[in-house]
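Let's take a friendly walk through a protein model, starting with a pair of helices and then looking at some loops. Keep the picture at hand as you read.

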Amino acid sequence: MIWPALTAFAKAAAVDTHCLAGIDRRWTTRTLMPEGDTIFRAANTLHRALAGRAVTAFESMFPSVTRIADSHRLVGRDIESVAARGKHLLMTFSGGLVLHTHMRMNGSWHLYRPGERWKRPRRDMRLIVATADIVAVGFNVPVAELLTPRDLARHDDLRALGPDLLDPAFDRAEALRRIRAHGGDAIADVLLNQRVAAGIGNVFKSEVLFLGGIDPFTAVTQLTDDDLETLIDIGRKVLAVSVRAGQRTTRGSLDPGARLWVYGRGGQPCRRCGTPIQSKKTGLDARLTYWCPRCQSRSTK
Ligand SMILES: [Zn+2]
């Protein structure tokens, strides 16, 4: 059964009707990790579907989550909100309990009507948050914990997150300060660091640096405050546009072959100058960085 509200969302977001966060199949070969825009959209949709409803059943494949859900009587509490913090998803229940999940590469949340057939096999289920009318199912979610208000206040990863680029109250001066604290590092690595600013993943990293005209391997110390503020502003803009468009785009186009400037286009001509796009594996996890050597030739103050 198709649920009208979700169908409308799916059209707007161009994702599978039920798949809210994680890998959009059409992107699987290129986009390995959900970035801030994906999680932000998923949080909004989960919030609209679940906020204000009481939990009627809860299931988890994480023993520690199950234990806390039982001891704190999660069933019967209301879902107050679902929100994104960077790439983290926080579902808050009445009384201040928070279900924290992180999708990493493969996790996703789906919404179903009770009794509706799932689009993923039961063995992939990691979490179920059921209400009378809607059931949220987390598939292959690799990170989940149920936090008390006290746990949340002490949570190292969440506390350490940098300003969220999609937060209306984003603190640019603080983001700039955090970037400067990594002076010797390449700007591409720093933009990806969620403790500096939350929301940019590997795709937007390459795109933001192209739009800023900055060589990805430039050390932060070589860049002016103006350069860095411009990169931050570009990052906020492309994330916000992608959230609104429901698809990751940095060129204003929703055509799958024309949405991005450089990411995934190694060896192809630059859309601006025709020079072949370069790519290089960097970092411990050997993620690919893409750039145009001509458009991004400025690398020093
Ligand atoms: Zn170029």
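Helix α2 (residues 36-50) and helix α9 (residues 225-245) have axes that come within 9 Å and cross at roughly 45 degrees. Angles from 35 to 65 degrees fall between roughly parallel and roughly perpendicular, and α2 and α9 are therefore oblique to each other. The crossing of α2 past α9 is right-handed. Bear in mind that this is a predicted model.

Which residues bring α2 and α9 together? On the α2 side they are G36, D37, F40 and R41, and they meet L239, S242 and V243 in α9. By type, the residues of this contact divide into three nonpolar, two polar and two charged.

## A closer look at α2

Is α2 largely enclosed or open? Of its 15 residues, 12 are buried, so α2 is largely enclosed by the rest of the structure. The cut-off behind this is simple: a residue is buried if 20 or more other C-beta atoms lie within 10 Å of its own. The buried residues of α2 include G36, D37, F40 and R41, and also T38, I39, A42 and A43. Further along the helix, T45, L46, A49 and L50 are buried too.

Just after α2 comes G52, with a positive phi of about 90 degrees.

## Another partner for α9

Two packed helices are described by the angle between their axes and the distance between the axes. Helix α8 (residues 202-212) packs against α9 at an angle of about 125 degrees, and their axes are 9 Å apart. That angle makes α8 oblique to α9. Here, too, the crossing is right-handed.

From α8, the residues making the contact are F204, E207, V208, L211 and G212. From α9, they are D227, T230, L231, I234, G235, V238 and L239. Together, the residues of the contact divide into seven nonpolar, three polar and two charged. Look for L239 again: it takes part in this contact, and it also meets α2.

## Loops worth a visit

Most residues other than glycine have a negative phi, and most peptide bonds are trans. R73 has a positive phi of about 50 degrees, although it is not a glycine. You will find R73 in the loop between α3 (63-71) and β2 (79-85). It is exposed, with 12 other C-beta atoms within 10 Å. N140 is another residue other than glycine with a positive phi, near 50 degrees. It lies in the loop between β7 (135-139) and β8 (143-147), and with 17 C-beta neighbours inside 10 Å it counts as partly exposed.

Next, find A186 in the loop between α6 (172-180) and α7 (187-192). What does A186 touch, leaving out residues up to four places away in sequence? It touches P216, F217, T218 and A219. A186 and P216 are 30 residues apart in sequence, yet their C-alpha atoms are 6.7 Å apart in space. A186 has 19 C-beta neighbours inside 10 Å, so it counts as partly exposed.

## The whole protein

Finally, step back. The protein has nine helices and 10 strands, and 42% of its 301 residues count as buried. Among contacts between residues at least 6 apart in sequence, 64% join residues at least 24 apart.

Methods:
Residues numbered from 1 in each chain as written. Predicted model: local features only at pLDDT ≥ 70, side-chain atom pairs only at ≥ 80, totals over all residues. Helix = DSSP H or I, 4+ residues; strand = E, 2+ residues; numbered from the N terminus. Contact = placed C-beta atoms within 7 Å. Axes fitted to C-alpha atoms, helices over the stretch in contact; angles between N-to-C directions. Parallel < 35°, antiparallel > 145°, perpendicular 65-115°, else oblique. Left-handed = near helix turned anticlockwise from the far one by under 90°. Nonpolar A, V, L, I, M, F, W, Y, C, P; charged D, E, K, R; others polar.
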